[in-house]
Amino acid sequence: MKKRGSLIVISGPSGAGKSTLISKARTCMPELEFSISCTTRAPRPGEIDGREYFFISEEEFSRRESAGEFLESAGVFAHRYGTLKSQVMERLGAGHTVVLDIDVQGALSIRRACGLDPELAACASFILIAPPDPETLEKRLRSRASDSEEQILRRLACARRELSHFRSYDFLIVNDDLDSAANELLCVLRALASRVSLITEEIYS
Ligand code: 5GP
């Protein structure tokens with residue numbers, strides 16, 4: 001059966017547990033291909049250029065942006081992030097499943113692009129990972145102990161803003177209990193592979 005690749009966009013505010021859930025899904029579904037984004041932020045200890053991100057300068061980011069190399073880009077907490085078309089389009093064309101772990105602004109911009117591009121709309125799905133409630137989110141952010149009070153308040157305000165866009169997503173996974181949220185994410189990811197919109201031939205005619 002001829003199929004187009006599937007583009008899966010996953011967002012979630014910091015403290016929602018997105019990274020943990022994504023890494024569990026990654027282990028269980030090695031066929032998922034993660035797009036590596038460009039960022040202007042500095043690498044954290046243990047991060048390697050070309051593995052977590054392509055770490056580039058502001059100038060290089062602007063140059064790539066002007067050259068039209070990004071499928072989407074956004075400013076997140078004073079740094080710039082962008083999804084390279086070269087990480088996504090060819091793999092989709094080859095029928096692979098490509099996952100983007102991007103913020104809500106980026107997801108909304110891909111959602112808008114779907115309105116103009118039926119091919120993209122046929123393959124894109126949007127998943128939002130949310131904390132169970134604001135109190136739990138605040139507790140999680142405070143327990144990290146790496147952020148200042150100002151950063152915590154900024155992250156909380158940002159989370160509220162991001163979650164208000166939940167209706168732009170196809171799936172909402174509330175991360176109350178880690179194991180059940182991880183299972184729910186896996187179920188959604190597996191179900192997405194069966195979408196009729198991915199089939200590009202008239203198989204039963
Ligand atoms: P971090 O710097 O902690 O790795 O990521 C910060 C935020 O930037 C996360 O929410 C992550 O999903 C988002 N992000 C990472 N890459 C991209 C990208 O290419 N585009 C957008 N819009 N957001 C991104």
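In this predicted model, the largest pocket has a lining of 43 residues. Lys18, Ser19, Arg44, Tyr53 and Asp101 are the lining residues that lie nearest the centre of the pocket. The space inside the largest pocket amounts to about 1,400 Å³. Sorted by class, its lining comprises 15 nonpolar, 14 polar and 14 charged residues. Several secondary-structure elements contribute to this lining, with at least two residues each from the helices α1 (18-28) and α7 (149-163) and from the strands β5, β6 and β7 (97-101).

The largest pocket is also where the ligand sits. The shell around the ligand consists of 15 residues, among which Lys18, Ser37, Arg41, Tyr53 and Tyr81 come nearest. By class, this shell contains 5 nonpolar, 4 polar and 6 charged residues. Lys18 and Tyr53, listed here among the residues that come nearest the ligand, are also among those nearest the centre of the pocket.

An N or O atom in the side chain of Glu72 is 2.7 Å from a nitrogen atom of the ligand. For Asp101, a side-chain N or O atom is 2.7 Å from an oxygen atom of the ligand. Arg44 places a polar side-chain atom 3.0 Å from a ligand oxygen atom. The ligand taken alone exposes 510 Å², and the protein buries 86% of that area.

Terms used
Residues are numbered from 1 along each chain as its sequence is written. This is a predicted model: local features need pLDDT of at least 70, side-chain atom pairs count only at pLDDT 80 or more; totals for chains, interfaces and linings use all residues. Side-chain values use heavy atoms; hydrogens and water are left out. A residue is near a molecule or strand if one of its heavy atoms lies within 4 Å of it. A polar contact is a pair of N or O atoms within 3.5 Å; within protein, one must be able to donate a hydrogen and the other to accept it, and residues adjacent in sequence count only if both atoms are side-chain atoms. Accessible areas come from the Shrake-Rupley method with a 1.4 Å probe; for residues, only the protein chains shown count as cover. On a 1 Å grid over the protein atoms alone, a cavity is a set of points where a 1.4 Å probe fits but cannot get out, and a pocket is an open set with protein on both sides within 12 Å along at least five of seven lines; lining residues have an atom within 4 Å of a point. A molecule sits in a cavity or pocket if more than half of its atoms lie within 2 Å of its grid points. Ala, Val, Leu, Ile, Met, Phe, Trp, Tyr, Cys and Pro count as nonpolar, Asp, Glu, Lys and Arg as charged, and the others, Gly among them, as polar. Grid points are joined across faces, edges and corners, and a volume is the space filled by probe spheres set on the points. Helices (H or I, at least four residues) and strands (E, at least two) are DSSP runs, numbered from the N terminus.
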